[in-house]
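These entries record what I looked up in one protein structure.

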Amino acid sequence: MEFAHDAHRRTYDRVKAYVTVLFGENAEEHAAEPAFTISEGSAVATVSVRPWREWSTTVETYSWVVTDVQPSEELFRYLLEENTELLFGAFGIKDRTNVIFTHSVVGDTLDPEELEGSVRAVLTMADQYDDEIIERFGGLRAIDRTPTE
């Protein structure tokens, strides 16, 4: 695993310790990148430690809420309107057919409560919205996809 700078490595080590304590067996460390996957209910979240500037970091938590959804103006409008009501995080579209939910925090000052809040917010939103989006716009919950898809 490669790190962009010392702060990147330090934040990763801190996040790893927090994830282990907070999520235990529900968390899986990625071997090739500074990230972890956490599963809960029908939602799966990834916690990714990213370099920011030449000396700082961010911790992004995101979930693939629905995959293989048909892109449409109605879907995009729905997601944008929902974003205006959210306190933390936002919906987005990845690769035209995937709805994601993401939340980022500064990594350099991250504490366990902040990380847990970010992860729980993302998992809750993914679990809350996946069925509604599928019912209205089609697609699959990310957890329902087979590994070869």
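Entry 1, contacts along the chain. I noted first that the model is a predicted one. I took the contacts between residues at least 6 apart in sequence and found that 62% of them join residues at least 24 apart.

I counted three helices and seven strands in the protein. In sequence order I read the pattern as α-β-β-β-β-α-β-β-α-β. The radius of gyration is 16 Å, close to the 15 Å that the globule rule gives for 149 residues, so I recorded the protein as being as compact as a globular protein of that length. I also noted the span of the C-alpha trace along its principal axes, which is about 45 × 30 × 25 Å.

For the charges, I listed 13 positive and 29 negative ones, and their mean positions are 5 Å apart.

Which residues have the most contacts inside the largest nonpolar core? I found Val 15, Val 65, Phe 91, Val 99, Leu 115 and Ile 133, in a core of 34 residues. I then listed the elements that give two or more residues to this core: the helices are H1 (6-23), H2 (73-83) and H3 (112-137), and the strands are S2 (35-40), S3 (43-52), S4 (56-67) and S6 (98-106). Helix H3 gives the most, with nine residues.

Val 65 touches Phe 91, Val 99, Ile 100, Phe 101, Ala 126, Tyr 129, Asp 130, Ile 133, Leu 140, Arg 141 and Ala 142. I noted that Phe 91, Val 99 and Ile 133 in this list are also among the core residues with the most contacts.

I followed one of the contacts of Val 65 to the segment after strand S7 (140-141), where Ala 142 lies. Beyond residues up to four places away in sequence, Ala 142 touches Trp 64, Val 65 and Thr 67.

Is Ser 56 buried or exposed? I found a relative accessible area of 3%, so Ser 56 is buried, the limit being under 20%. Ser 56 lies in strand S4. Setting aside neighbours within four places in sequence, I recorded contacts of Ser 56 with His 5, Ala 7, Arg 50, Pro 51 and Asp 108.

Arg 53, in the loop between S3 and S4, has a phi near 60 degrees, a positive value in a residue other than glycine. Asp 95 is not a glycine either, and I found a positive phi of about 55 degrees there. I placed Asp 95 in the loop between strand S5 (90-94) and S6. With a relative accessible area of 57%, Asp 95 is exposed.

Definitions and conventions. Residues numbered from 1 in each chain as written. Predicted model: local features only at pLDDT ≥ 70, side-chain atom pairs only at ≥ 80, totals over all residues. Heavy atoms only, no water. Helix = DSSP H or I, 4+ residues; strand = E, 2+ residues; numbered from the N terminus. Rg over C-alpha atoms; globule rule 2.2 N^0.38 Å. Contact = heavy atoms within 4.5 Å. Lys, Arg positive; Asp, Glu negative; His and termini not counted. Charge placed at Lys NZ, Arg CZ, Asp CG, Glu CD. Core = buried A, V, L, I, M, F, W, Y, C linked by side-chain atoms within 4.5 Å. Buried < 20%, exposed > 50% of the residue type's maximum accessible area, 1.4 Å probe, protein only.
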